[in-house]
Amino acid sequence: MDNRPMVSFCMSTYKRPDQLKKQVQEVLGQTFTDFEIIISDNDPASSGREAAASFNDSRVKYFANEVNLGMVKSFNKSLARSTGHYIAMLADDDPVYPEMLSVLLKLKEEYPGYGVY
């Protein structure tokens, strides 16, 4: 039996804990709930740790980078840490709506074989 989540939300953040908290809250509001959130914090001082921990949800996984890697390398770190079958890339300020995963997974079923939905 495969216990991996269907989707990994891979997110990068840098010194915006309030924005991070808002974004995680939006993602946790998904109508499709089989996902994890991988947060790659580019702040070596871990400014986003408290915001991530405030949710007390095992789907929220926080990692502080030892140095500021920049956006692309930080996203790559979150990809390497993800376990989902599919990836949803987000910054801490990208718009998210509650039906986002439900709609994307429905598109995957209607149009199998596409690389991006």
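In what order do the elements of the chain run from the N terminus on?

Guide: This is a predicted model, in which local features need pLDDT of at least 70 and side-chain atom pairs count only at pLDDT 80 or more, while totals for chains, interfaces and linings use all residues. Residues are numbered from 1 along each chain as its sequence is written, and side-chain values use heavy atoms, with hydrogens and water left out.

From the N terminus on, the elements run β-α-β-α-β-α-β-α, where helices (H or I, at least four residues) and strands (E, at least two) are DSSP runs numbered from the N terminus. The radius of gyration, taken over C-alpha atoms, is 14 Å, close to the 13 Å that the globule rule (2.2 Å times the number of residues to the power 0.38) gives for 117 residues, so the chain is as compact as a globular protein of that length.

Within this chain, 38% of the 117 residues count as buried, that is, under 20% relative accessible area with a 1.4 Å probe, protein chains only. A nonpolar core is a set of buried Ala, Val, Leu, Ile, Met, Phe, Trp, Tyr and Cys residues joined through side-chain atoms within 4.5 Å. Of the 20 residues in the largest such core, F9, V24, V27, F35, I37, I39 and V60 touch the most other members. The elements giving two or more residues to this core are β1 (7-13), α1 (17-28), β2 (35-41), α2 (49-53), β3 (60-64), β4 (86-91) and α4 (100-110), and the largest share, 4 residues, comes from α1. Leaving aside its neighbours within four places in sequence, V60 is in contact (heavy atoms within 4.5 Å) with V24, L28, I37, I39, A52 and F55.

Notes:
Buried < 20%, exposed > 50% of the residue type's maximum accessible area, 1.4 Å probe, protein only.
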